[in-house]
Amino acid sequence: MGSKWRKAKLALGCIHVPSTMEDSTSSVSPPNDVAHRFSDPTSLSPTHSRLASLPMTPTPSSSGLRLPKHSTKSSKMTCAICLNTMARGDGHAIFTAECSHSFHFNCITSNVKHGNRICPVCRAKWKEIPFQGHTTDLLHRKSRINSVDDALMSAFRQLHPPRSNRHQNTSAILQAPEPAVFDDDELLPQLPESAETSASTQLSSDKRSIGTLEIRTYPEVAAVSNSASYDDFTVLIHLEAPPTRVRKDSESSETNFPLGSQNPRAPVDLVTVLDVSGSMAGTKLAMLKRAMGFVIQNLSPHDRLSVIAFSSTAQRLFPLRRMTDTGRSQALQAVNSLAPNGGTNIADGLKKGAKVMVERKWKNPVGSIILLSDGQDTYTVNSPAAGAPSQSGYRSVLPASLQGFHIPVHTFGFGIDHDAASMHSISETSGGTFSFIEAEAVIQDAFAQCIGGLLSVVVQELQLRVECVCPGLQLGSIKSGSYKYHLAPDARIGDIDVGDLYAEEERDFLVMLNVPTADKSINEMSLLKVRYSYRDPITKEEVILNEAGEIKIHRPQTAVQPFLSIEVDRQRNRLKAAEAMSEARAAAERGNLAAAVSILKNCRKALSETISAQAGDGLCVALDAELKEMQERMANRQVYETSGRAYVLSGLSSHSWQRATARGDSMDSTSLVQAYQTSFMVDMVSRSQTMVLGSPSSHLPRRPPWSFPRQPNPR
């Protein structure tokens with residue numbers, strides 16, 4: 001019994017299993033305190049589990065987060081991919097990498113078959129990788145992957161002692177036919193009275209930074225002579241969301257405070273739409289189940305989850321249920337029931353996911369859909385063999401019912417065979433992000449980053465307004481990426497639809513003005529005033545800022561030497577880089593990879609000559625590294641088709657929404673593509689990476705999110 005108990009906990013990948021006498025004495029039951037801890041209904045909550053002692057952030061180092069190579073005995077004797085025990089002479093070949101971690105040979109060859117040289121355990125880059133011949137032992141491989149399913153269910157049988165009523169309820173949910181209308185979502189708990197009332201909070205300009213959205217503005221130059229005029233004078237508007245109400249000190253790992261407590265967060269309705277086509281068989285599906293287990297483990301009883309599985313057709317495996325102790329158990333059994341077969345019908349899966357969201361009786365403040373697929377939709381979209389695919393065809397995959405409901409679809413392209421253009425189009429149309437998961441082992445970290453954002457929404461329905469002050473001024477345009485903006489007919493008022501913000505997220509918008517000459521008697525000119533309104537997702541209050549102060553510049557009579565704002569320059573560089581990525585992608589889709597590489601190369605050269613780059617600005621360094629990576633992924637047609645297109649589209653998604661996405665084969669903390677990560681995302685990714693081996697450490701300090709100093713250090 002002891003060894004089975006140990007194996008079951010290892011299958012979860014999130015529970016530390018110390019070496020004890022139970023490992024060698026099969027007749028001994030788990031210790032009383034352990035059995036009690038995992039049978040307690042509250043033990044599934046990260047607050048009460050042993051994970052409470054785990055740090056929420058990785059250790060800062062020159063190579064990013066890496067767990068100790070010499071971990072527990074259990075981690076050395078268990079394949080980190082299939083989670084089955086490794087032993088000499090058991091009939092399975094064992095591969096030991098140069099970083100000293102060992103895996104089943106068949107498991108690791110599947111993981112590296114597309115050129116991935118990253119260790120799934122410590123993220124070390126390998127110089128030598130194993131090669132799989134054509135004599136793969138498919139039966140043994142299938143047996144090891146299926147052991148993940150068996151161990152997962154065995155663990156949750158230990159977590160939930162058999163009860164006849166619970167078993168009947170779970171079976172009824174999993175085996176019940178789909179209703180015609182998905183209005184069977186679980187009733188939400190009663191909200192506190194303060195959260196049920198809607199009100200309007202007026203803010204004055206001197207209190208706009210206290211617990212509310214912060215605004216900072218930067219004109220491109222501080223002074224313009226009276227005799228000069230500008231057709232495209234640039235003003236940067238910088239927004240920063242307030243921190244989450246959840247306590248973020250180093251001694252607390254709580255992320256799931258109940259609604260109505262002193263530090264609540266907005267609960268979430270999450271629908272996961274998962275590809276279970278035949279191509280997901282093996283390691284892919286095993287890693288997906290593990291990632292879903294992580295998501296379920298980190299949702300609170302106030303959050304609700306539904307699971308949709310699709311192959312040739314789609315099926316709702318699990319209705320929208322609260323993630324209570326019972327709800328988690330039922331959700332994990334639904335995930336464990338996933339089995340690969342059939343083709344890939346993304347449209348049908350999205351249609352079912354939209355149906356859950358649209359027809360639900362009750363609504364949590366935050367709602368989102370996660371879509372994962374490793375293939376192309378062969379039932380709805382027929383992509384041409386060459387050239388740019390039809391965007392209208394891709395958008396037809398997204399149900400019309402999702403448009404207008406403010407429910408973003410965050411898409412994840414898994415592996416090298418997914419339809420990156422389709423997944424990007426779905427996310428872009430719905431207001432979500434597109435992430436590219438190149439390596440199977442990264443899927444859990446990618447999901448962790450996504451839910452780290454969804455579980456920290458602090459601003460909803462944000463509307464930003466800019467208004468010209470001085471007569472004669474007019475707005476030219478607003479550089480807002482994927483955020484829609486509207487100009488009044490007289491071009492003196494502009495509105496930007498920003499939508500939801502995660503805690504501590506930042507947004508930067510460049511407003512272009514036509515500044516005329518000024519009378520000699522004018523020494524100072526007021527350009528713009530900025531206002532905003534948004535809804536607090538917890539209190540439901542509407543927060544309005546009517547007086548944010550005016551943006552002014554000096555208008556001296558004599559000509560002055562302009563000093564360009566580094567803040568404005570760095571954001572111009574970000575937009576230039578994004579435009580170059582888009583142009584390079586268009587050239588690559590036309591088959592002209594040489595032109596695509598040239599566009600990226602020229603952009604890198606132009607960025608290097610800007611004042612912010614010459615001052616050593618961190619954002620410019622990151623943009624240059626990202627553009628260089630894209631150049632390498634456009635080296636030839638094969639590389640571009642397998643990874644280049646997805647990498648570029650994921651980068652475009654990140655920059656257009658100014659939100660973090662997963663890209664490539666690693667979530668290493670040293671990656672320069674994590675510019676938009678918030679501390680809550682970092683915490684969740686750290687938790688995911690720490691859970692990989694289940695080796696807890698209470699001494700890992702908090703690592704701040706990847707950020708760039710607003711004022712560059714002098715050279």
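Predicted model: local features only at pLDDT ≥ 70, side-chain atom pairs only at ≥ 80, totals over all residues.
Let me begin with strand β6, which covers residues 268-275. Eight of its eight residues are buried, so β6 is largely enclosed by the rest of the structure. As a reminder, in a regular strand the side chains alternate between the two faces of the sheet. In β6, Val 268, Leu 270, Thr 272 and Leu 274 point one way, while Asp 269, Val 271, Val 273 and Asp 275 point the other way, and all of these residues are buried.

What joins β6 to its neighbours? Seven bridges join β6 to strand β9, residues 366-373, and these two strands run parallel; seven bridges also join β6 to strand β7, residues 304-310, again running parallel.

Now to the helices, α13 at residues 443-454 and α19 at residues 679-691, which pack at an angle of about 150° with their axes 8 Å apart. Because angles over 145 degrees count as roughly antiparallel, that angle makes α13 roughly antiparallel to α19, and the crossing in which α13 passes α19 is right-handed.

Which residues meet there? On the α13 side they are Gln 444, Asp 445, Ala 448, Gln 449, Ile 451, Gly 452 and Gly 453, and on the α19 side Phe 680, Met 681, Met 684, Val 685, Ser 688, Gln 689 and Met 691.

Conventions: Residues numbered from 1 in each chain as written. Heavy atoms only, no water. Axes fitted to C-alpha atoms, helices over the stretch in contact; angles between N-to-C directions. Helix = DSSP H or I, 4+ residues; strand = E, 2+ residues; numbered from the N terminus. Parallel < 35°, antiparallel > 145°, perpendicular 65-115°, else oblique. Left-handed = near helix turned anticlockwise from the far one by under 90°. Contact = heavy atoms within 4.5 Å. Buried < 20%, exposed > 50% of the residue type's maximum accessible area, 1.4 Å probe, protein only. Pairing = 2+ DSSP bridges.
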